[in-house]
Amino acid sequence: MKRLRTTVVSMILATTANAQGVIDVHSHIITPEFVSALEKEGRLLDEGFPLPKYDVDNHLKWMDEAGVQISVLTLAAPQPTSADVVRKTNEAAALIKREHPDRFLFCAALPLPDVDAAIREAKYALDTLGADGIKLATNVRGQYLGAPELDTLFAMLNERKAVVILHPHRPEPVNREVMAQTPLAMQEYLSETTRAVANMISRNVLARYPNVKVVVPHCGAYLPLAVPRMKSLTAVMQANKLVGDIDWEANLRALYYDLAGAHSPEVIRMMLTITTPDHLLYGSDYPYVAPQVLTQSLARMKQYLTTEADLAPFREMILYKNANQLFNGL
């Protein structure tokens, strides 16, 4: 099954490379079962804003208009509490991929914080549903990435050489007054992403499981600022026995970054202070942003990746080659 999946993905991505179609590594599926479950639990506004509607035909229409050949589907926030809803969402994404094999990949959601159930779902998704990777929330009910209890999950993902796409979720605990004043998507999502990745780095998770490749969303969040600070404070933290040895090179080598959100030449240059051009990926955040805005945003990216002399050599890498390489390794 894995060999067949690898062959199919390779064929799809090879076709995309020849056609020079864009690969979008950051798009979301929002299923009726997911919405219904959140409604029953009174959690539709858990993230502080309403969920957009999702329709695969509209997604394809936008992709065609914008010049996106392949989109990678992941489950949106918030995380469902039901393993059954997670399974149904993964099956819905798998069906979309089967019906449009040259247009979609998907990374499966997991029913955390139950680690054993998450491992079972990951194996089912990868082996039976043909998932192309795994989506992980920054935290699920206070269980943050980097927590020791997640080591067994990462060990399994390491064996599978899995691609993991991260996405921020509401912090836990949360200050609701602050969230009401400054919506999560405006700031806290960036803090959440930085917090989760910093947790993983401080425990050497990515160095200890080097076959796992992690996609960090939203232009790296605050990591271009946080990584130098963490490095500068490591010695004093170690002297006070607050952290152990950190393999910075191995941890950072595992991180890829999508450019969903407020991308610009300046942002990309800042990201290149902590990573290399072969680890940058295009991402849209469909359907959370209006299609016409996404089309304009992608056109602007293509424009400055052509005209900015220092970034022009990376144009095709960012738009599709890096994603092709990342997912072709499954």
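This is a predicted model: local features need pLDDT of at least 70, side-chain atom pairs count only at pLDDT 80 or more; totals for chains, interfaces and linings use all residues.

Student: Are α5 and α6 roughly parallel or roughly perpendicular to each other?

Tutor: Their axes come within 9 Å and cross at roughly 15 degrees. Angles under 35 degrees count as roughly parallel. The two helices are therefore roughly parallel.

Student: Which elements cover the buried residues of α6?

Tutor: The buried residues are D151, L153, F154, M156, L157 and N158. Their cover includes α5, β4, β7, α8 and α9.

Student: Now the rings. Is the pair of F49 and Y189 stacked or edge-to-face?

Tutor: The ring centres lie 6.3 Å apart, and the planes stand at 80 degrees. Planes over 60 degrees apart count as edge-to-face. So the pair of F49 and Y189 is edge-to-face.

Student: And how many residues apart in sequence are the parts tied together by W62 and Y286?

Tutor: Their ring centres are 5.5 Å apart with planes at 15 degrees, so this pair is stacked. W62 lies in helix α3. Y286 lies in the loop between β10 and α13. The parts tied together are 224 residues apart.

Student: Is W62 buried or exposed?

Tutor: Buried means under 20% relative accessible area. W62 has 1% relative accessibility, so W62 counts as buried.

Note on methods
Residues are numbered from 1 along each chain as its sequence is written. Side-chain values use heavy atoms; hydrogens and water are left out. Buried means under 20% relative accessible area, exposed over 50%, partly exposed in between (1.4 Å probe, protein chains only). Helices (H or I, at least four residues) and strands (E, at least two) are DSSP runs, numbered from the N terminus. Contact means heavy atoms within 4.5 Å. Axes are lines fitted to C-alpha atoms, for helices over the stretch in contact, and angles run from 0 to 180 degrees between N-to-C directions. Angles under 35 degrees count as roughly parallel, over 145 as roughly antiparallel, 65 to 115 as roughly perpendicular and the rest as oblique. Rings of Phe, Tyr and Trp (its six-membered ring) pair if their centres lie within 6.5 Å; planes under 30 degrees apart count as stacked, over 60 as edge-to-face and the rest as tilted.
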